[in-house]
Amino acid sequence: MTSDFRFAVNVSPKPGILDPQGRAVEGSLGHLGIDGVSAVRVGRRIELTVAAPDEEAARAIVERLAGELLSNPLIEAYQVEPIGAASSTRSEVPA
Amino acid sequence: MTVRIGVVVFPGSNRDIDALNALEVAGAEPVPLWHDDVDLAGVAGVLLPGGFAYGDYLRAGVIARFSPVMRAVAGFAADGGHVLGICNGFQVLTEAHLLPGALLRNRGLRFVSREVAIAAERLDTPFTHALGARRALRMPVAHGEGCFFADDTTLDELEANGQVLFRYVTADGVRAGGEEDRANPNGSLRAIAGVMNAAGNVAGLMPHPETAVEAVLGSDDGLGIIASFVASAAERERAAGPALVATR
């Protein structure tokens, strides 16, 4: 029997990698009259649900996915974050 | 016999027709290959065309990397087969780790669609030998993520190994500067427009030689690149002899 585990994968440009989107956002801050904001980096957040026997197994799948597909290790770093544990088990009939 | 060269069509490819035409102009028999194909129909070379494969979702080229045909392309490349990726095809090849580096969003943030000039760094490769001499080659670019990036160590290695194939140049053939230089349309590091793998049989570039193969298109400077690739694939097929043909 498996349970559903929900994760978020936060992908961001590695330190030192040029981030033109972050730079553009930063450049626009002056138009809002806001001072003192710097080092803006724009990343991506992917949320997904994994069916697995336990959280450890689910996390292993997410880690693999994050490293091989969701991020490009050459230019991006990622962080896996559990968001809410099993909401239901697979054997249950959905409400 | 006319050499058969495959053009991979992904959902979202849009320069495949130009690629098929360019191969024909260069004297090859173009063979469309579908992204779902598990074999390459016995072609002697593979061209990955420009476009927005799978909508370029997530990152340009990454979802195409996992398509069935790319498994066959990787095997073909590992056997020494010639593979050329143009624009989105270049992005696919870097995501598939068949070429070094990555293509980042253009430094100017804008999609750039205009004519640029590039020059070959080497004239002794399967992709440049028919160019004859080093000169500025005029052809278009059309991309939003074309800023070539690799860390300094990798860049030094690429230069030392002669893997930098093309650089952006001015109309006079002078190497382009950084992002502030209009000759460098996307801010590519060291003005790199195209690279090769270490073995020298896989290459990619962001500009479009396949849309600059006839004077009526505004420039035929790209034909030398396509013709080099076609001739190299033909030569390899001839050298392999009937054994390769028999596996079709």
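Modeller: A nonpolar core is a set of buried Ala, Val, Leu, Ile, Met, Phe, Trp, Tyr and Cys residues joined through C-beta atoms within 7 Å, where buried means that 20 or more other C-beta atoms, placed from the backbone, lie within 10 Å of a residue's own. This is a predicted model, in which local features need pLDDT of at least 70 and side-chain atom pairs count only at pLDDT 80 or more, while totals for chains, interfaces and linings use all residues. Residues are numbered from 1 along each chain as its sequence is written, and chains are lettered from A in the order in which they are written.

Biologist: What makes up the largest nonpolar core?

Modeller: That core has 87 residues, and those with the most contacts inside it include I5(B), L165(B) and V230(B). Apart from it lies another core, of eight residues, among them F7(A) and Y78(A).

Biologist: Which residues of helix 1 of chain B are buried, and what do they pack against?

Modeller: In this helix, residues 16-25, the buried residues are D16(B), D18(B), A19(B), L20(B), A22(B) and L23(B). They pack against strands 1, 2 and 3 and helix 6 of chain B.

Biologist: Why should residues 91-95 of chain A not be read in detail?

Modeller: There pLDDT, the predictor's confidence in each residue from 0 to 100, stays under 50. Where pLDDT is low, the predicted coordinates should not be read in detail.

Key
A residue is buried if 20 or more other C-beta atoms lie within 10 Å of its own, exposed if 12 or fewer, and partly exposed in between; C-beta atoms are placed from the backbone. Two residues are in contact if their C-beta atoms, placed from the backbone, lie within 7 Å. Helices (H or I, at least four residues) and strands (E, at least two) are DSSP runs, numbered from the N terminus.
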